[in-house]
Amino acid sequence: MSENTQQPKADMFIGTAGYYAKYRPGYPPELFQEIVQFYRLDGTGVMLDLGAGTGQLSIPLARYFESIIAMDPDPEMLAEGKKAALKSGVHNITWRDGSSENIADLHAKLKLVTMGRSFHWMNCDRVLSDLYAIIEPEGGIVIAADSEASRVPSNFSVVRKAVIEKFLGKRRRAGSGYYEVSEEPFEAIVGRSNFTLAKISTTTMTQHWTIDSIVGHTYSTSFASPAVLGDKLPDFERELRAELQKLSPSGDFIEEIETKALLLKRAPQRHKKWNQ
């Protein structure tokens, strides 16, 4: 899916960082191996992780670069990322407060830009245009996201969605605003940019969930965070736990998560600069 049709609110992920760091699934090791091989990463150059969150792409890729800039507009996400990096013994990441609107402020030539579960929040055309100016001629972009097109909803996600809609309504929240999904695929957006879609990588991993981790994951989202739920939270959690317990008395769940990554290469410029 492409960018949302409304500007995201600054409070989209307020209060979610601790849950995000603890309960959001990372990415399959096979994806990192493919990125390293495809872009011939050798420990040199600079990488930008745009919309870095808590560093789920930055930290595993850190040893393949001289330095990494992890940029996110949420200071709490950056703080969790710093803690995770230190715990992993990673010291070459600069955690920078900023968003896709601050690309022009970067004064570095980039070997690679990664965007994990974040591109859909951005003005996609403008981001690709702005990045073109600061990516090395042989560099590229990785856009990674959970694949929705081929993903069969897990039994617990269906139940969770029903409970969320009961308490918050059918329109999907995004902090104090709402999120409207565009039907335009990322491939179409890339097709009108100065980047070439060189490869599509699809990887799958098995995720084991418990009732506690499903609840924690729910609170890591923009659409059902503690801030969004407000005073409805105690009743919401009580009902969600009860419904999950009915679904699996053992409290254990298994989900197959498919990650789709677009691997882009910088192409000769053929379009005017995006200036809207």
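Visitor: Hi! What should I know about the model and the numbering before we start?
Guide: The model is predicted, so local features need pLDDT of at least 70 and side-chain atom pairs count only at pLDDT 80 or more, while totals for chains, interfaces and linings use all residues. Residues are numbered from 1 along each chain as its sequence is written, and side-chain values use heavy atoms, with hydrogens and water left out.

Visitor: Great. How many salt bridges are there?
Guide: The count is 14 salt bridges. The rule asks for a side-chain nitrogen of Lys or Arg within 4 Å of a carboxyl oxygen of Asp or Glu.

Visitor: What does Lys260 pair with?
Guide: Lys260 makes a salt bridge with Glu187, and their closest N and O atoms are 2.6 Å apart. This pair connects distant parts of the chain, since Lys260 sits in strand β9 (residues 252-266) and Glu187 in helix α7 (residues 186-191), 73 residues apart. Helices (H or I, at least four residues) and strands (E, at least two) are DSSP runs, numbered from the N terminus.

Visitor: Which other residues is Lys260 in contact with?
Guide: Leaving aside neighbours within four places in sequence, the contacts of Lys260 include Ile143, Ala144, Ala145, Ser147, Ile200 and Ser201. Contact here means heavy atoms within 4.5 Å.

Visitor: Which residues form a network?
Guide: Asp125, Glu184 and Arg192 are linked in a network of salt bridges.

Visitor: Switching topic: where is His120?
Guide: His120 lies in the loop between β4 (110-116) and α5 (124-132). His120 is buried, with a relative accessible area of 17%. The side chains of His120 and Trp121 are joined by a polar contact of 3.1 Å. A polar contact is a pair of N or O atoms within 3.5 Å; within protein, one must be able to donate a hydrogen and the other to accept it, and residues adjacent in sequence count only if both atoms are side-chain atoms.

Visitor: Now helix α8. How many of its residues are buried?
Guide: In α8 (residues 211-218), 7 of the 8 residues are buried. Among them are Ile211, Val215 and Gly216.

Visitor: What covers them?
Guide: The cover includes α1 (17-23), α6 (155-168), β8 (195-210), α10 and β9.

Visitor: At what angle do α6 and α8 pack?
Guide: They pack at about 50 degrees, with their axes 12 Å apart. Axes are lines fitted to C-alpha atoms, for helices over the stretch in contact, and angles run from 0 to 180 degrees between N-to-C directions. On the α6 side, the contact is made by Phe156, Arg160 and Ile164, and on the α8 side by Ile214, His217 and Thr218.

How values were computed: Buried < 20%, exposed > 50% of the residue type's maximum accessible area, 1.4 Å probe, protein only.
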